[in-house]
Amino acid sequence: MTDIAATASEFAAPEEAATVSAHTADASISIPHALRAEVRNLSFWYKEFQALKGIQLPIADRKVTALIGASGCGKSTLLRCFNRMHDLYAGNRYDGEIVLKPEGENIVSRSVDPILVRMRVGMVFQKPNPFPKSIYENVAAGLRIRGINKRSALDERVEQVLRQAALWNEVKDRLDSSAYDLSGGQQQRLCIARTLAPEPELILLDEPTSALDPIATAVIEELVDELRKNVTIIIVTHSMQQAARISDYCAFMHLGQLIEFGETEQMFTNPGNVKTQDYITGRFG
Amino acid sequence: MATTLNEHIVTSYEDELTNLNKIISEMGGMVEQAITEGASALLKLDHQQAQDVRQFDKRIDEIQQRINDAAVSIIARRQPMAADLRMVVTAIQVANDLERTGDMAKQLAKRALQIESLNLAPKFYNGVKHMKDLVARQLQAALDAYLTRDSKAAIDVCSRDDEVDAIYNSLFRELLTYMMEDPRNITQCTHLLFCAKSLERVGDHATNIAEAAYYLETGRHLGADEQQRQPR
């Protein structure tokens, strides 16, 4: 609580400090939903470079939280912390906590196996990245890793998540053809289905529609709307309109710090911070 | 929130917003002129001026249409956010209030044409003239508050609306007294009573514009903020 205010005011110019801390503090108090996760004073270094500086962020359960900010502000870095993607490169370092609720486990702790974290936290990337396998095997992959190999169980779950990802009707007759035969939008929905299959608690979407046309984008957004009934979603997007359309909460980041967090409605009609306002309205900062 | 905003990265977007503000300013000037001339036509029983005011109302309607078109175009093409969104939405509201104010000016002009054959005693006019001066000032102050995004000035306009109401009530009583004194005054005084009502409405529209100005700058509603401020 006090930490988040301190972070924001450190960043802000002195005359802005009061508004920033007051607004940010208010927003985090007033979050009326149960939390699925909480980022506590998280800092992150790519070797010597500090990319995240003391981030405090609540993630509401079964809500969509959008991370917005200019390129290089650290939003993708923050997103990737949630499933320990940074562990793939030596010299990267976390400080602070990302706590998964309700049991309160710190998923960036060294003592926690990143593979176990990734089974609970799924991720979809900017460009569709299906495996060079059949449509069916793409979706089944996560299930097989979990030791589910029984054909009937796999069939059932594959159909279920393909339906959930609004892809079933388009692929049901060609489940054995290569995933690469699908269009970009279909491939992205396949990737979402693949992510959904092992029933993650949290789904991370890193600009999932930036490579898609408006129709495919609308299909994905409709899907996010459906998914939020059961899963918690964090989305990084460069489209302000998309963040405004599909998120419940929104966090604005700048130079590795969280500047403002609040309900999306508030953020896009009356943001509390001048920097947020300048960014979302497309002005010079 | 700062009153002065930085410029947009996209210059043509900045120009469109500036232009929207300019048309509102223009419309505001036209409506102020209409009220002044409508009242003047009434007070001087100037037939030609009354006709002119009625004609002028068409131009006010046209400029309202221009504001609405510009606002719709910005929403469709630019998807304004935050302060820009409030500016576009309040532009539509303010244009609507101004158009209604223009209608009130037309009402005054119509009355002027109806009472020109009646022989009015000057004392009947004083209250209406006083009230016209007050609401014209209110309208001007509200428009200034809107165009300069000054929420303090907007609060002042709203708090002065009680004065307009008080004058309306006293004018009502005054005209009633003249009617009771001499039933031959009833026709004239009833006309003037309608004029007073029109001017009172202008005051209400000025208040609406001031409320829009407050919302534009703060993103909050004045009514709700006032309630919070008042001690229980």
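Student: How many bridges join E1(A) to E2(A)?
Tutor: This is a predicted model, in which local features need pLDDT of at least 70 and side-chain atom pairs count only at pLDDT 80 or more, while totals for chains, interfaces and linings use all residues. Residues are numbered from 1 along each chain as its sequence is written, chains are lettered from A and ligands numbered from 1 in the order in which they are written, and side-chain values use heavy atoms, with hydrogens and water left out. Strands (E, at least two residues) and helices (H or I, at least four) are DSSP runs numbered from the N terminus, and two strands pair if DSSP finds at least two bridges between them. E1(A) and E2(A) run antiparallel, and the number of bridges that join them is eight.

Student: Which residue in the turn between E1(A) and E2(A) has a positive phi?
Tutor: The two strands form a hairpin with two residues between them, and in E2(A) the bridge partner of Trp45(A) is Gln50(A).

Student: In E4(A), which residue is the bridge partner of Arg40(A)?
Tutor: Strand E1 (residues 35–46) and strand E4 (residues 92–100) of chain A pair in the antiparallel sense over eight bridges. Along this pairing Ser43(A) stands opposite Asp95(A), and the partner of Arg40(A) is Glu97(A).

Student: Why do E2 and E5 of chain A each have one side without a neighbour in the sheet?
Tutor: Four strands form an open antiparallel sheet in the order E2-E1-E4-E5 of chain A. Strand E2 (49–60) and strand E5 (105–106) stand at its edges, so one side of each is left without a neighbour, because each has a single partner strand.

Student: Which peptide bond is cis, with omega near 0°?
Tutor: The proline concerned, Pro102(A), lies in the loop between E4 and E5 of chain A. The cis bond runs from Lys101(A) to Pro102(A).

Student: What is the average twist from one strand to the next in the sheet of six strands?
Tutor: This open sheet has mixed pairing and the order E6-E7-E8-E3-E9-E10 in chain A. Its edge strands, each pairing on one side only, are E6 and E10 (257–263). From one strand to the next, the twist averages 20°.

Student: Which residue in E8(A) stands opposite Leu202(A)?
Tutor: Strand E7 (residues 202–206) and strand E8 (residues 232–236) of chain A run parallel and are joined by five bridges. Opposite Leu202(A) stands Thr232(A).

Student: At what angle do H5(A) and H6(A) pack?
Tutor: Contact here means heavy atoms within 4.5 Å, and among the residues that meet are Tyr136(A) and Leu143(A) from H5(A), with Leu154(A) and Val158(A) from H6(A). By class the contact has eight nonpolar, no polar and four charged residues, where Ala, Val, Leu, Ile, Met, Phe, Trp, Tyr, Cys and Pro count as nonpolar, Asp, Glu, Lys and Arg as charged, and the others, Gly among them, as polar. Axes are lines fitted to C-alpha atoms, for helices over the stretch in contact, with angles from 0 to 180 degrees between N-to-C directions. The axes of H5(A) and H6(A) lie 10 Å apart, and the angle is about 115°.

Student: What is the volume of the largest pocket?
Tutor: On a 1 Å grid over the protein atoms alone, a pocket is an open set of points where a 1.4 Å probe fits, with protein on both sides within 12 Å along at least five of seven lines, and lining residues have an atom within 4 Å of a point. The lining has 19 residues, with Arg118(A) and Phe131(A) among those nearest the centre, and by class it has eleven nonpolar, five polar and three charged residues. Grid points are joined across faces, edges and corners, and a volume is the space filled by probe spheres set on the points. For the largest pocket, that volume is about 580 Å³.
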